[in-house]
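Colleague: Could you take a close look at one helix for me, and then walk me through the rest of what you have on this model?

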Amino acid sequence: MKYLHTMIRVSDPQATIRFFELIGLKEVRRFDNEGGRFTLIFLAAPGQEGVAEVELTHNWDPEDYGGGRNFGHLAYRVDNIYETCQRLMDAGVTINRPPRDGHMAFVKTPDGISVELLQDGRLDPAKPWASMPNVGTW
Ligand SMILES: C[C@@H](O)C(=O)SC[C@H](NC(=O)CC[C@H](N)C(=O)O)C(=O)NCC(=O)O
Ligand code: NI
């Protein structure tokens, strides 16, 4: 048995792809289904293609994707959580839980799906991150 992917329904596929690209994922493949009026887009971190993917389902006819409290989050390990959060902030993404502890942060996709970012080990939040002048303002 092998884990393949997690599927999330998205209202704006391009915005969602851009969000995941900011974290480091890339589009792997996509399928249009004319009869079903939907598109499936598979994304993965480099080297994780076919191993741990996220499947974006875009239904061409608008739907309300509210609720879904039973779904928690997707989690990714990143090389530098401060640099990742700064890149997301610079692109206008809200950091819902800033990485004050140098270890964990939470952001949301354009449809509000929660994404956890984890830093391998812990970065010292007191260390001056040259690439993140406003790290201390969170
Ligand atoms: C390709 C494989 O990984 C799939 O997940 S296809 C599953 C299939 N998806 C759809 O029909 C997409 C459109 C549909 N309107 C939807 O929003 O799901 C499917 O069976 N989906 C049902 C489900 O509960 O996932
Ligand atoms: Ni699927």
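Modeller: Happy to! Just after H2, Gly-92 takes a positive phi of about 90°. This is a predicted model, where local features need pLDDT of at least 70, side-chain atom pairs count only at pLDDT 80 or more, and totals for chains, interfaces and linings use all residues. Residues are numbered from 1 along each chain as its sequence is written, while chains are lettered from A and ligands numbered from 1 in the order in which they are written.

Helix H2 spans residues 81-90 (helices are DSSP runs of H or I with at least four residues, strands are E runs of at least two, numbered from the N terminus). Its buried residues are Ile-81, Tyr-82, Thr-84 and Cys-85; buried means 20 or more other C-beta atoms within 10 Å of a residue's own, exposed means 12 or fewer, and partly exposed is in between, with C-beta atoms placed from the backbone. Down the axis of H2, these buried residues fall within an arc of 160°, so they line one face of the helix; the arc is that of the directions from the helix axis to the C-beta atoms. Their cover includes helix H1 (13-23), strand S5 (73-78), strand S6 (95-97), strand S7 (104-108) and strand S8 (114-119), with contact meaning C-beta atoms, placed from the backbone, within 7 Å.

A positive phi also turns up at Arg-37, about 60°, although Arg-37 is not a glycine. Arg-37 is found in the loop between strand S2 (26-33) and strand S3 (38-44), and Arg-37 counts as exposed because it has 11 C-beta neighbours inside 10 Å.

Methods: Contact = placed C-beta atoms within 7 Å.
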